[in-house]
Amino acid sequence: MMVEYGTTVFNKIVGHYGPKAACPNCGKEYQTDFIKSSKWGHFCYIPLIPMGSKYYRVCPVCYASMQMKKKEAKAMMAEYPSEAQELVPVGYVHKKSKTCDLKLEDRISGQEYPILQGASKAEYKKEKKDRLYKKMQETVTED
Ligand SMILES: [Zn+2]
């Protein structure tokens, strides 16, 4: 019998925290998304042993990321809790041209930020995966 063991990393968006500040990369001013990255030792692909976690803050628009100390992350989460989520990812799948668009909509200001335009399904899937978008609004169009 083959026994497989090793480590797996799970990344999850835990919320958006911290003071609103302009992103050093794109200049957009939002609370940053906090990503918890947990490492697990697995045995036959069953995660069994927690091996610690790290936190990253990412700009919700351009996804520029910054690693944080766990303590710093926890302090910021307590001090500047999540406000109502303003930015919502929206996907469009165009059936005929087999292209996809991905954008972020600011539900308060109405501002839109295009992320992908005319992308292939594979690119679109990868971007969604990289941005850890699990459940998001998606519209399928006939064009
Ligand atoms: Zn940014």
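How many helices and how many strands does the secondary structure of the protein come to?

1. The secondary structure comes to 2 helices and 8 strands, where helices (H or I, at least four residues) and strands (E, at least two) are DSSP runs numbered from the N terminus. Read from the N terminus on, the elements run β-β-β-β-α-β-β-β-α-β. The C-alpha trace spans about 50 × 45 × 25 Å along its principal axes.

2. This is a predicted model, in which local features need pLDDT of at least 70 and side-chain atom pairs count only at pLDDT 80 or more, while totals for chains, interfaces and linings use all residues. Residues are numbered from 1 along each chain as its sequence is written. The mean pLDDT (the predictor's confidence in each residue, from 0 to 100) is 92, and 98% of the residues reach 70 or more. Among the elements, the lowest mean pLDDT, 90, belongs to strand 4 (residues 65-68), and the highest, 97, to strand 7 (residues 112-119).

3. The domain assignment gives domain 1 (5-79) and domain 2 (87-141), with bounds that come from an automatic or database domain assignment. The C-alpha centres of the two domains lie 22 Å apart, and the contact between them takes 8 residues from domain 1 and 5 residues from domain 2; here two residues are in contact if their C-beta atoms, placed from the backbone, lie within 7 Å. On the side of domain 1 that touches domain 2, the elements giving two or more residues are strand 1 (5-22) and strand 2 (29-43), and strand 1 gives the most, with 3 residues. By class, that side has 6 nonpolar, 1 polar and 1 charged residues, where Ala, Val, Leu, Ile, Met, Phe, Trp, Tyr, Cys and Pro count as nonpolar, Asp, Glu, Lys and Arg as charged, and the others, Gly among them, as polar.

4. Of the 143 residues of the protein, 12% count as buried, a residue being buried if 20 or more other C-beta atoms lie within 10 Å of its own, exposed if 12 or fewer, and partly exposed in between, with C-beta atoms placed from the backbone. Leaving aside neighbours within four places in sequence, Y55 is in contact with F34, I35, K36, M68, K70 and A73.

5. Strand 6 (residues 99-106) and strand 7 pair in the antiparallel sense over 5 bridges, pairing being assigned if DSSP finds at least two bridges between two strands. E105 stands opposite E112 in strand 7. The hairpin of these strands has 5 residues between them, and G110 takes a positive phi near 85° there. Strand 7 is hardly covered, since the count of buried residues among its 8 residues is 0.

6. T99 lies in strand 6 and counts as partly exposed because it has 18 C-beta neighbours inside 10 Å. Not counting residues up to four places away in sequence, T99 touches H94, G118, A119 and S120. T99 and K121 are 22 residues apart in sequence and 6.3 Å apart in space, C-alpha to C-alpha.

7. Helix 2 (residues 121-130) lies largely in the open, because the number buried among its 10 residues is 1. Just after helix 2, L132 takes a positive phi of about 60°.
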